[in-house]
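Here is a guided walk through the model, written to be read with the viewer open. Please keep the sequence at hand as you go.

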There are 2 protein chains.
Amino acid sequence: MNKEYLYTEIANGIASQIRNGILKSGDKLPSVRKLCKEHQISMNTAKRVFLELESQSLVDSKPQSGYFVSNILSVELPLPEVSKPSLIANNEEPNELINKVYENIGKKEVTLFSIGIPSGDLLPQAKLKKEIINATRTLKEGGTEYEEIQGNLKLRRMISMRSLQWGGNFHENDLVTTNGGMNALSFCLMALGKPGDTIAIESPCYPGILQLANGLGLKVLELPTHPTTGIEIDALKKVIPKIDLCLLIPNYNAPLGSCMPDENKKEVVKILSENGIPLIEDDVYGDLYFGSDRPKCCKSFDKEGNVLYCSSISKTLAPGYRVGWIAPGKYKDKILKLKFLHSTSSISIVNEAVANFLKSGKYEKHLQQMRKSLQNNYQNYVQTIAEAFPQGTKTSRPQGGLSLWVEFDKNIKTTQLYDLAIKENISIAPGRMFTLQDQFENCMRLCIGLPWSEETQAKLKQLGNLAKRV
Amino acid sequence: MNKEYLYTEIANGIASQIRNGILKSGDKLPSVRKLCKEHQISMNTAKRVFLELESQSLVDSKPQSGYFVSNILSVELPLPEVSKPSLIANNEEPNELINKVYENIGKKEVTLFSIGIPSGDLLPQAKLKKEIINATRTLKEGGTEYEEIQGNLKLRRMISMRSLQWGGNFHENDLVTTNGGMNALSFCLMALGKPGDTIAIESPCYPGILQLANGLGLKVLELPTHPTTGIEIDALKKVIPKIDLCLLIPNYNAPLGSCMPDENKKEVVKILSENGIPLIEDDVYGDLYFGSDRPKCCKSFDKEGNVLYCSSISKTLAPGYRVGWIAPGKYKDKILKLKFLHSTSSISIVNEAVANFLKSGKYEKHLQQMRKSLQNNYQNYVQTIAEAFPQGTKTSRPQGGLSLWVEFDKNIKTTQLYDLAIKENISIAPGRMFTLQDQFENCMRLCIGLPWSEETQAKLKQLGNLAKRV
């Protein structure tokens, strides 16, 4: 064979093994020396094999360690259906089911596929401890005094700087800190929603949002949502006359994992702005992209201050710190007043610690690692589901975030699967939790933020076997 | 003279000097030796003089230092009038004035007689820093994970134990932690108040409560309030048919400093219970008593779970930590759900730090010191007001807490005094902030939580001189 093409042939062979899932992400490839021996080729040719694979983003080189299969998806299952909720506002939440699922959160013996938070193993806990200690030194009065109502200035500055990455372009004065992401959403809904108002959301939707809206007396209108591209714009257009507010998680939303394309974001912002309907944007998963670029936020297309951008570090750094923020646009005064009246001020110590952590550059490094772990988890989940779950199982294809949406055949009810699984100390989030309507009964959300291990894999297989029995 | 009575005569002489304010609290008395010499008496007789004064609580002995005048009030001014608000529900808050006063909070050059928080000098900041560092060690995962929704168990246990001091007798399961005291009140009001409902409160009342109620669409009914004994029970009885809720600060309330006698507390709880009207009790000042015993709380007379007891450490330890709690009685489920939806969980680090501080016994020691300082401040304030304020000035006689209520002659408007004083970097809280009605325009609240110094005294005198010019 022509020497010129020998390296491509060998590279293609390895590539197809990777694409077929025989070689899995993270697997170590043979060394250059070993490849020479195996294929009777020169060192130069062997090196060109790896360069070719690297150029296709199939392998990564690690200094002093060799070549490893990179995080590319080797297996894909069919996509779940686009949701088809009826476009009528509802206000009855699936309380009992939600409580049942949340009941198990604290139990250490239970494998929690049900919750949407990253496992402690994915978080830089030791570094954060040091930042807490550091914060008691960098803070005036050690953080015992009230901080400015708008929030820690250093943190607001760091968020402004980071916002350039995704077209946010916030000024430090545009931001108000909150006690975590739910607190941010709560203030936005309290500022803008009156009892009886209707709010449009994705379907399926994070249960906390359903319950929060309900608790404030808002009616909820669920929009058809595509598992990859998010809400259907035509449906939004149709319901415009019926709605007063809109709340979306445009990037890697929980539980579906969809991410709205930029042009959709732009159009949604335009439609809502033209109709004077405020958009509350929850971007807590935006930093957890698997690809090379962070997705933009709707806020980056907002020229009129009509978008209230909410985010936090609860999904990326430390859920227990409760550090979140809002860029509330033209509603800033309302948000500031609500914050002052309902919580006086944020907790200085944790906000200062996070600000210092961001400033040190450690956050970006941590995110890089965390994204790789999550992408890897995602692939391992899908691989295992393909192997062990019932025929016909579909999954979403999140390009980031913490959620994988699983759709079974119509006759598999996930509330029944929940009951079976919890007896074996496995907790899942049945699809019915994520809607006020009768849908998603054959669906569930799996958290991909658990550390991937033989045990996790075994539990996931066990879940697949249980699903076959339902 | 009979030796037997010589010591009483000398003791009476000193006592009258103390009572007349010639000897002031904190002043050092002559030594035993000096007293012998001055009065030509034996060491034993001299010692009996001091024992007599000690038994009357007029002096304290300090080991190796001698005897000092203890903290008893040497000067008293007349009491302000009982408030006479009209018993009609209102919903317009004095927004502009409140904003104007709060605007100056962050300015270091301003002497803040206006705000109701203790100065950092009164707080054990170094010890708390250590507890924060300690908390990163004693907490699972260093506090990065969500804590139990109900809140840190160790903290709830410590609060339960402390509650025995004032007849609270809480069980750890009766308590839900919150992000500070205002957050506690906010959850109670959100849990129990519907827009259009009427809430009865003290008059004058803390402006945050007026604004919070207003923001939630509640109408506010102000009750006549005695500067010493709190709300007038007869007035409460009269308005029972008109009200849906009641919120009181029974112990050393802000801004008046009144403390309801036990029998009043008992009766209020009974009346409200019988009429199915929930009582929200804010007890943030209860630990700051000047006397020998902590006053009881209304909750201690509550047999039906109708009282929602709220408190925090913001007035006694660390405002910036935002650590508060509710004992919500029969409304616990509602409060837990609100907490979960609006803030997910409390911030572990600060709650753990406070729990450890309480457990170490340092809190009780700190409170002892802080109470002495505040009582001393109170006496110094009244002394200075008596000397430097216009004739006819009246003050409340708080037996604890952080607030002193000052009533001028009718023609002195404190909003005008505010404008004059702020130009000289002195901030006060005009009486009109504390009501939705046209009253208290000749009143103001002074915070006694500033460190007493020559500068504080000078500023207070300057304020008196300005008042003379209004």
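## Ground rules

Two residues are in contact when they have heavy atoms within 4.5 Å of each other. This is a predicted model, in which local features need pLDDT of at least 70 and side-chain atom pairs count only at pLDDT 80 or more, while totals for chains, interfaces and linings use all residues. Residues are numbered from 1 along each chain as its sequence is written, chains are lettered from A and ligands numbered from 1 in the order in which they are written, and side-chain values use heavy atoms, with hydrogens and water left out.

## Domains and core

Let's start with the overall layout. Chain A is assigned domain 1 (3–69) and domain 2 (123–363), with bounds that come from an automatic or database domain assignment. Over C-alpha atoms, the centres of domain 1 of chain A and domain 2 of chain A are 43 Å apart.

The largest nonpolar core holds 226 residues. Such a core is a set of buried Ala, Val, Leu, Ile, Met, Phe, Trp, Tyr and Cys residues joined through side-chain atoms within 4.5 Å. Here buried means under 20% relative accessible area, exposed means over 50%, and partly exposed is in between (1.4 Å probe, protein chains only). Tyr321(A), Leu446(A), Leu463(A), Tyr321(B), Leu446(B) and Leu463(B) have the most contacts inside this core. Leaving aside neighbours within four places in sequence, the residues in contact with Leu463(B) include Phe113(B), Phe389(B), Leu417(B) and Leu446(B).

## Where the chains meet

How many residues does the contact take from chain B and from chain A? It takes 47 residues from chain B and 47 residues from chain A. About 3,900 Å² is buried between the two chains, and carbon and sulfur atoms give 60% of that area. Buried area is the accessible area (1.4 Å probe) that two parts lose on being put together, summed over both. On the chain B side, Thr144(B), Tyr146(B) and Leu341(B) lose the most area to chain A, together 17% of what that side buries.

Between chain B and chain A there are 18 residue pairs in polar contact (both at pLDDT 80 or more). A polar contact is a pair of N or O atoms within 3.5 Å; within protein, one must be able to donate a hydrogen and the other to accept it, and residues adjacent in sequence count only if both atoms are side-chain atoms. The helices of chain B that each supply at least two residues to this side include H5 (125–138), H11 (332–343) and H12 (348–359). H5(B) gives the largest share, six residues. Helices (H or I, at least four residues) and strands (E, at least two) are DSSP runs, numbered from the N terminus.

## Salt bridges

A salt bridge is a side-chain nitrogen of Lys or Arg within 4 Å of a carboxyl oxygen of Asp or Glu. The count over all chains is 38, yet between chain B and chain A it is zero. Arg157(A) pairs with Glu172(A), with the closest N and O atoms 2.9 Å apart. Arg157(A) lies in helix H6 (residues 153–163) and Glu172(A) in the loop between H6 and strand E4 (176–178) of chain A, so the pair ties together parts that are 15 residues apart in sequence. Arg157(A) is partly exposed, at 41% relative accessible area.

In chain B, Lys299(B) and Asp302(B) form a salt bridge (3.2 Å, N to O), and both are buried. Back in chain A, a network of salt bridges links Arg162(A), Asp283(A), Asp287(A), Arg294(A) and Glu364(A).

## A closer look at Asp302(A)

Asp302(A) sits in the loop between strand E9 (279–282) and strand E10 (307–312) of chain A. Is Asp302(A) buried or exposed? Asp302(A) is buried, with a relative accessible area of 13%. The side chain of Asp302(A) reaches the backbone nitrogen of Glu304(A) at 3.2 Å. Leaving aside neighbours within four places in sequence, Asp302(A) is in contact with Val269(A), Ser273(A) and Val307(A).

## Backbone details

Most residues other than glycine have a negative phi, and most peptide bonds are trans. The peptide bond from Ser203(A) to Pro204(A) is cis, with omega near 5°, and Pro204(A) is in the loop between strand E5 (198–203) and helix H8 (207–215) of chain A. Thr344(B) has a positive phi, near 65°; Thr344(B) lies in the loop between H11 and H12 of chain B and is buried, at 9% relative accessible area.
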